[in-house]
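The sequence and structure come next.

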Amino acid sequence: MLIEGDYGRRGIYTIVMTVSIRSIDHTHTLTLVPANPSTCTQPGHTAYYVCDDCGKWFEDEAGTVEITDHSSVVVPAGHTPSDWQYDTDQHWKVCTVADCGVVIAESVAAHSYGDDDVCDICGYIAPTPTYKFLEGANGQWTQSSGGPLTFRVSGNFARFTGVKIDGVLIDASNYTARAGSTIVSLGAGYLQTLAVGSHTLTVVYTNGECSTRFVVSPVSVAPVQSPQTGENAAVPVFWIALFLVSMAGFAGTLVYSQKKKDSAK
Ligand SMILES: [Zn+2]
Ligand SMILES: [Zn+2]
Ligand SMILES: [Zn+2]
């Protein structure tokens with residue numbers, strides 16, 4: 001505001017007041033402030049426009065979208081992360097910017113396997129695990145039992161693919177398998193088809209397998225429970241039969257040696 005005064009010819013003091021009022025609806029004169037990318041350590045900002053006249057910031061060249069919060073254009077400093085890198089224990093990312101290459105601290109973490117042995121974060125596949133039998137190793141199944149023979153193996157059920165008996169994959173109808181870690185039950189119907197004697201059961205996973213032996217017996221032997229049950233009642237009969245067979249063999253040997261003696265005479 002400018003005020004000027006002056007005495008006129010007739011002694012009248014004349015005041016002239018000049019007031020500049022900026023138009024509220026003036027046409028902005030916008031200048032582009034180009035984007036300034038952030039670096040690993042220095043923040044940057046996105047592009048915006050500033051009015052040379054009123055100083056307001058705008059998103060667009062036409063000056064229609066004002067930026068009232070000037071911090072909204074700021075791009076924080078930060079590293080440029082690589083793809084996941086990993087070792088056997090953990091995964092991490094490094095900065096891909098030349099001359100930086102730091103390990104990005106917040107990316108470092110132990111593998112997270114979830115339900116399998118593939119890391120859900122970085123995709124790392126754990127080395128082939130050593131599977132083992134938790135229950136049922138060296139089991140025995142008697143033909144008179146009528147029940148299944150159950151094994152429990154340490155592997156994750158999600159990776160279970162099948163069962164081999166004596167090295168040959170058997171049809172899935174011959175057993176049931178369920179999670180926990182892996183529980184396999186050979187069905188009685190299938191077990192009845194196996195010869196009496198020792199067999200190998202192998203539980204197969206996508207990334208390994210493990211085996212144990214089991215025995216199919218005609219009747220239960222070496223009972224540890226009460227001998228009064230119907231199942232175990234067969235035991236004495238078995239042993240008596242075995243005894244008789246042995247005696248017959250013994251008798252045969254006696255006869256044979258007797259004949260030898262006879263012929264030697
Ligand atoms: Zn303006
Ligand atoms: Zn960096
Ligand atoms: Zn991982």
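G11 takes a positive phi near 80 degrees in the hairpin of β1 and β2, which has 5 residues between the strands. Helices (H or I, at least four residues) and strands (E, at least two) are DSSP runs, numbered from the N terminus. Strand β1 pairs with strand β2 (residues 13-18) in the antiparallel sense over 6 bridges; two strands pair if DSSP finds at least two bridges between them. The bridge partner of G5 in β2 is I15.

Strand β1 (residues 2-7) is hardly covered, with a count of 0 buried residues among its 6. A residue is buried if 20 or more other C-beta atoms lie within 10 Å of its own, with C-beta atoms placed from the backbone.

## Model and chain

This is a predicted model: local features need pLDDT of at least 70, side-chain atom pairs count only at pLDDT 80 or more, and totals for chains, interfaces and linings use all residues. Residues are numbered from 1 along each chain as its sequence is written, while chains are lettered from A and ligands numbered from 1 in the order in which they are written.

The protein chain has 2 helices and 20 strands. Of its 265 residues, 11% count as buried.

## Four-stranded sheet

An open sheet of 4 strands runs in the order β12-β14-β18-β17, with antiparallel pairing. Its edge strands, each pairing on one side only, are β12 (133-135) and β17 (175-179).

Within this sheet, strands β14 (residues 149-153) and β18 (residues 182-186) pair in the antiparallel sense over 5 bridges. L149 has L186 as its bridge partner in β18.

Notes:
A residue is buried if 20 or more other C-beta atoms lie within 10 Å of its own, exposed if 12 or fewer, and partly exposed in between; C-beta atoms are placed from the backbone.
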